[in-house]
Amino acid sequence: QVQLAESGGGLVQTGGSLRLACSASGRTLGSVAMGWFRQAPGKEREFVATISPKGTAYYADSVKGRFTISRDNTAVTVYLQMNSLKPEDTAVYYCAAATVWANSPVESDEYEHWGQGTQVTVAS
C-alpha cells in the first residue's frame, strides 16, 4: 500500500522560512502529480501547490511567489519550500499523490493517497 509521510513542520515567526518534505513508500509514484494541501482550524482543506512528474508546478494565488514545490522522483520525495511566511499560513500541511489521469490537479478529489499532515505555525 502507498504510504506518504510529511516532515519539516514547526513554529516560525512572520517572515521566516520552512521546508517541508514528503516521502513515499509502497509503490512507484514518479509518474503521477504530487501536491500539497493545508487545513486550518475551522476551515476546509485548501490547495497549496502541485507538481507534475516532469517538474511543472502550479500554485494557489495565496502562496504564489513565496512557496516553491519540487520533487525528486528517484527518491520519491516532494518538497515545499516556504518563504516569507505569514500568520495566515498556519495550518496542518498535507502531502498527496494524484490519480494517474490527473494532469494539474488542484482539487482534493483528484488525489488518491494522503499523508497524515505536519503542523506549521507562524507567530504573528
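A salt bridge is counted here when a side-chain nitrogen of Lys or Arg lies within 4 Å of a carboxyl oxygen of Asp or Glu. By that criterion, a search of the whole structure finds four salt bridges, and lysine 64 takes part in one with aspartate 61, their closest N and O atoms being 3.0 Å apart. The structure is a predicted model, in which local features need pLDDT of at least 70 and side-chain atom pairs count only at pLDDT 80 or more, while totals for chains, interfaces and linings use all residues. Residues are numbered from 1 along each chain as its sequence is written, and side-chain values use heavy atoms, with hydrogens and water left out.

**Salt bridges and their surroundings**

- Side chains of opposite charge can pair when their charged atoms come close.
- Glutamate 46 and arginine 38 meet through their side chains in a salt bridge of 2.9 Å, N to O, where glutamate 46 is partly exposed with a relative accessible area of 28% and arginine 38 is buried with 5%.
- Aspartate 89 forms a salt bridge with arginine 66, with 2.7 Å between the closest N and O atoms.
- Aspartate 89 lies in the loop between strand E8 (77-82) and strand E9 (91-98), and arginine 66 in the loop between strand E6 (57-59) and strand E7 (67-72), so this pair ties together parts that are 23 residues apart in sequence.
- Aspartate 89 is buried, with a relative accessible area of 0%, and arginine 66 also counts as buried, at 10%.
- Salt bridges that share partners join Arg38, Glu46, Arg66 and Asp89 into one network.

**The open sheet**

- Four strands form an open sheet in the order E1-E3-E8-E7, with antiparallel pairing (strands, of at least two residues, and helices, H or I of at least four, are DSSP runs numbered from the N terminus, and two strands pair if DSSP finds at least two bridges between them).
- Strand E1 (3-7) and E7 stand at the edges with a single partner strand each, so one side of each is left without a neighbour in the sheet.
- Five bridges join E1 to the antiparallel strand E3 (residues 18-25), and the bridge partner of glutamine 3 in E3 is serine 25.

Terms used:
Buried means under 20% relative accessible area, exposed over 50%, partly exposed in between (1.4 Å probe, protein chains only).
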